[in-house]
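This briefing is for a reader who is new to the structure below.

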Amino acid sequence: MATIHIDETRPLGTIAPEIYGHFSEHLGRCIYEGIFVKPDSGIPNVNGMRTDVVEALREIRVPVLRWPGGCFADEYHWKDGIGPLESRKRMVNTHWGGVVEDNSFGTHEFFELCRQLGCKTYVNGNVGSGTVQEMSEWVEYMTFDGVSPMAQLRAENGRREPWKVDYFGVGNENWGCGGNMTPTYYANLYRRYQTYVRQYHRDAPIQKICGGPNVDDVKWTKKVLKTCFAAPHPEDAHGFMDGLSLHYYVHPGGWKNKGSATVFTQEEWYATMEKALYMEELIRLHGAVMDKYDPEKKIGLIVDEWGAWYDVEPGTNPGFLYQQNTMRDALVAALTLNIFNSRCDRVKMACIAQMVNVLQAVLLTEGPRMVKTPTWHVFRMYRDHQGAKALPVEIEDAGTAGGLPMVQASASRMESGELTVTAANLSMTESRTVRLALANRKAEGASGTLLAGEAHAHNTFDEPKAVTERTLAAALEPDGGVSFTLPPCAVASVRLW
Ligand code: AHR
């Protein structure tokens, strides 16, 4: 039996709701078809946003949405995506599948989507192929309230009021698709570009995100911070940056041999789990460099691309990155989110890649049909962690599976005093009894939800509920502990009071 000890007396900090964020790129069928459809498509929508998709996303309380990329961001010229639809430029999406991008989803549509979702906005600017002026004008267009050329253009396009940009990314993967830059070169550009991300609303400043490392590239982190970290001035809470991004994808067989999303061996299962757990080490590695400059942890590590990346589904466009989503992905999400919760001292935002129809998507669509993936269920089961206080957990006798600790967990306390404990069993074959033990009090009640299934189980358009949440049998013990059984490949969410 595994015992999860939870200590309420030593909270680790607040779990930023943004840790449960999402990423949507102009890539494959993420934006077009997946989220945004032609009003006359026959698919129910509000101002082009699919009603089924928006409702499903509201249910998991999407806190923030990053857009328009990704690699697409460094090729995106925002003025192509404003104004009358018929005069918007048609261009080639050179990075993703070479398809026509008609720019029918642009700045106004993005803010409309976020309005419908009720989420914060994270806009990613173009450093790789865009100018400082272009970036600066975009910020002016979105946020300036007064007399200015961009505010006037916005009004001419039907929007008098400015929008709120919560986060602005200055470039994306500038070590790769965003311009193949060296860290020092990018860092100097970052200093320059971010200067013109003007703060027109001092009471609601834009949080600026600096382009960070790929996986374990600590050299990038060191050089970028050395060149462009500036401690916040006392009269201005913001220095040059509010966050540094990190991108990390789980490829079970490595970048060149990612493997199928639905057909995999036991060996590939455990390779996937091990790589998902590696996120903890990455936060430690980059966090240690950040600590040198920012010991008070004012700057967030922003893991704005994470998830499992497999071969595309057979017969689909290789540039569209469309993959199915099984219980294996539910475990990747559960392990990763548990790590983020426990490291909420440093991780202030994370965006799963990507929201719909691309990579580890929470939703898949096919024409008018939509399915919720096992990953969507994990986000639903974990939603009460958002904004709660993270609590330290220690796991005694976690057991082992594939050479890894079998049970992994995180816990938090809501303002109401109730606790949320999320626990995962990463064994492909063995179940494990789990006991929750509170350090300072006896639990008076418990209820829970379980997501479990055979490792390859997934939802399809014909069988959309093959994997779904069910009630967890959580037993309250006389000594105030709570016990339950975690079947193999399972995720549980338990509420304690
Ligand atoms: O999410 C797919 C791609 O992965 C993004 O466009 C890029 O930033 C990353 O390499």
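In this predicted model, helix H3 (residues 132-143) packs with helix H4 (residues 149-156) at an angle of about 55 degrees. The axes of H3 and H4 are 8 Å apart. Angles from 65 to 115 degrees count as roughly perpendicular and those under 35 degrees as roughly parallel, so H3 is oblique to H4.

**Contact between H3 and H4**

- The two helices, H3 and H4, cross in a right-handed sense.
- On the H3 side, the residues in the contact are Glu-137, Glu-140, Tyr-141, Met-142 and Thr-143.
- On the H4 side, they are met by Pro-149, Met-150, Ala-151, Leu-153 and Arg-154.
- Sorted by class, the contact of H3 with H4 is made up of 6 nonpolar, 1 polar and 3 charged residues.

**Nonpolar cores**

- The largest nonpolar core contains 155 residues.
- Within this core, the residues with the most contacts are Phe-168, Trp-306, Phe-340 and Leu-436.
- Another core, of 5 residues, lies apart from the largest one; Tyr-322, Leu-364, Val-371 and Phe-461 are among its members.

**Cis peptide bonds**

- Gly-69 and Gly-70 are joined by a cis peptide bond, with omega about 15 degrees.
- Gly-70 sits in the loop between strand S6 (64-67) and strand S7 (91-93).
- A cis peptide bond also links Ala-353 to Gln-354, and here omega is about -10 degrees.
- Gln-354 belongs to the loop between strand S14 (347-353) and strand S15 (363-366).

**Positive phi in residues other than glycine**

- Asn-47 has a positive phi, near 50 degrees, and is not a glycine.
- The loop that holds Asn-47 runs between strand S4 (45-46) and strand S5 (49-50).
- Is Asn-47 buried or exposed? Its relative accessible area is 53%, and a residue counts as exposed when this value is over 50%, so Asn-47 is exposed.
- Asn-180 is not a glycine either, and its phi is positive at about 50 degrees.
- The loop between strand S10 (167-170) and helix H5 (183-195) is where Asn-180 is found.
- With a relative accessible area of 63%, Asn-180 is exposed.

Technical notes
Residues numbered from 1 in each chain as written. Predicted model: local features only at pLDDT ≥ 70, side-chain atom pairs only at ≥ 80, totals over all residues. Heavy atoms only, no water. Axes fitted to C-alpha atoms, helices over the stretch in contact; angles between N-to-C directions. Helix = DSSP H or I, 4+ residues; strand = E, 2+ residues; numbered from the N terminus. Parallel < 35°, antiparallel > 145°, perpendicular 65-115°, else oblique. Left-handed = near helix turned anticlockwise from the far one by under 90°. Contact = heavy atoms within 4.5 Å. Nonpolar A, V, L, I, M, F, W, Y, C, P; charged D, E, K, R; others polar. Core = buried A, V, L, I, M, F, W, Y, C linked by side-chain atoms within 4.5 Å. Buried < 20%, exposed > 50% of the residue type's maximum accessible area, 1.4 Å probe, protein only.
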